[in-house]
Structure formats: structure tokens, C-alpha cells
Amino acid sequence: MLMWHSEPWLIDHGASLMFHHSWKDWEKSAASPFPYIKDHALLHQASKIEEASRLMLQKITPADIEEITALIPNEWLVHEGSEETPDQICQVYTDFLTKRLEYSPIFTKTAIDARQNII
């Protein structure tokens with residue numbers, strides 16, 4: 001995150017999709033909690049995690065994810081040394097993000113528990 005013109009800007013969104021650095025076990029990664037949340041710089045201020053989760057699940061649907069991932073340029077979906085086509089790689093992103101929606105109670109609880117340990 002950085003501050004620019006007195007506003008916070010998120011950077012390096014790719015780091016939030018850690019599975020794409022290693023395609024091994026992406027299905028397991030989709031269902032796993034995010035253990036590093038305990039170290040998040042803003043966790044102590046995150047007082048509405050459950051509310052945010054509820055709103056996110058109302059706003060983001062599997063159809064939205066499919067529509068958004070379909071917009072990824074094929075040039076971004078070529079992985080050196082990979083046999084998968086851009087369409088196959090795009091489908092993994094779609095499936096991963098859709099599974100994250102399904103399993104969001106797991107990482108929501110992880111964030112809530114981590115916050116309870118620091119306040």
C-alpha cells in the first residue's frame with residue numbers, strides 16, 4: 001500500500017494471489033486460510049470484517065468473476081515453461097476465485113481470530 005495525494009493506493013495485487021507463483025495444489029490454496037493476515041498492517045483497524053465479508057458475498061458472484069477473468073489479455077496468461085493454454089490458465093483463475101468465494105467463511109474467521117489476538 002502507498003499514500004498518494006493523501007489517499008491510500010493498493011499496489012502489487014498479484015502478491016495477493018499467491019497460488020499463481022506456484023500452480024501446484026491451487027485447489028488446496030483456494031480452500032486454505034490466509035495465515036499471514038495476522039501480520040497485516042491494518043488488521044488492528046479492521047473492526048468490520050464480518051460486515052465486509054457479508055457485503056462482498058452479496059456483491060461478487062461467480063458470474064462476475066467469470067466476466068472479469070474473461071477480460072484478462074491472453075499475453076498475461078502465458079506462463080513460461082507451462083503447457084497450459086491461456087484459456088486453461090484463465091479458467092484456473094476463474095475456478096480459484098470462485099472457490100475463494102465458497103470458502104470465504106474460513107479466511108474470514110481466520111482474520112477475525114487474528115484481530116482478536118492483537119486487540
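Axes here are lines fitted to C-alpha atoms, for helices over the stretch in contact, and the angles between their N-to-C directions run from 0 to 180 degrees. This is a predicted model, in which local features need pLDDT of at least 70, side-chain atom pairs count only at pLDDT 80 or more, and totals for chains, interfaces and linings use all residues. Residues are numbered from 1 along each chain as its sequence is written, and side-chain values use heavy atoms, with hydrogens and water left out.

**Overall layout**

The chain has five helices and two strands, in the order β-β-α-α-α-α-α from the N terminus. Helices (H or I, at least four residues) and strands (E, at least two) are DSSP runs, numbered from the N terminus. The C-alpha atoms fill a box of roughly 45 × 35 × 25 Å along the principal axes. Of the 119 residues, 20% are buried, where buried means under 20% relative accessible area, exposed over 50%, and partly exposed in between (1.4 Å probe, protein chains only). Among contacts (heavy atoms within 4.5 Å) with a separation of 6 or more, 71% join residues 24 or more positions apart.

**Helices α2 and α5**

The axes of α2 and α5 come within 10 Å and cross at roughly 160°. That angle makes α2 roughly antiparallel to α5, a word used for angles over 145 degrees. The crossing is right-handed, meaning that the near helix is turned clockwise from the far one by less than a right angle. On the α2 side the contact involves Ile49, Glu50, Ser53, Met56 and Leu57, and on the α5 side Ser104, Thr108, Ala111, Ile112 and Arg115. These residues divide into five nonpolar, three polar and two charged.

**Helix α4**

Helix α4 covers residues 86–102; its 17 residues should span 24 Å at 1.5 Å a residue, and the end C-alpha atoms are 24 Å apart, which agrees. The expected span is 1.5 Å times one less than the number of residues. Buried in α4 are Ile89, Cys90, Val92, Tyr93, Thr94, Phe96, Arg100 and Leu101. They pack against α1 (26–31), α2 (49–59), α3 (62–69) and α5 (104–118).

**Two loop residues**

Pro73 lies in the loop between α3 and α4, and Ser22 in the loop between β2 (7–9) and α1. Pro73 counts as partly exposed because its relative accessibility is 26%; Ser22, at 41%, also counts as partly exposed. The table gives a C-alpha separation for each.

| Pair | Apart in sequence | C-alpha to C-alpha |
|---|---|---|
| Pro73 and Cys90 | 17 residues | 9.5 Å |
| Ser22 and His40 | 18 residues | 22 Å |

Definitions and conventions:
Parallel < 35°, antiparallel > 145°, perpendicular 65-115°, else oblique. Nonpolar A, V, L, I, M, F, W, Y, C, P; charged D, E, K, R; others polar.
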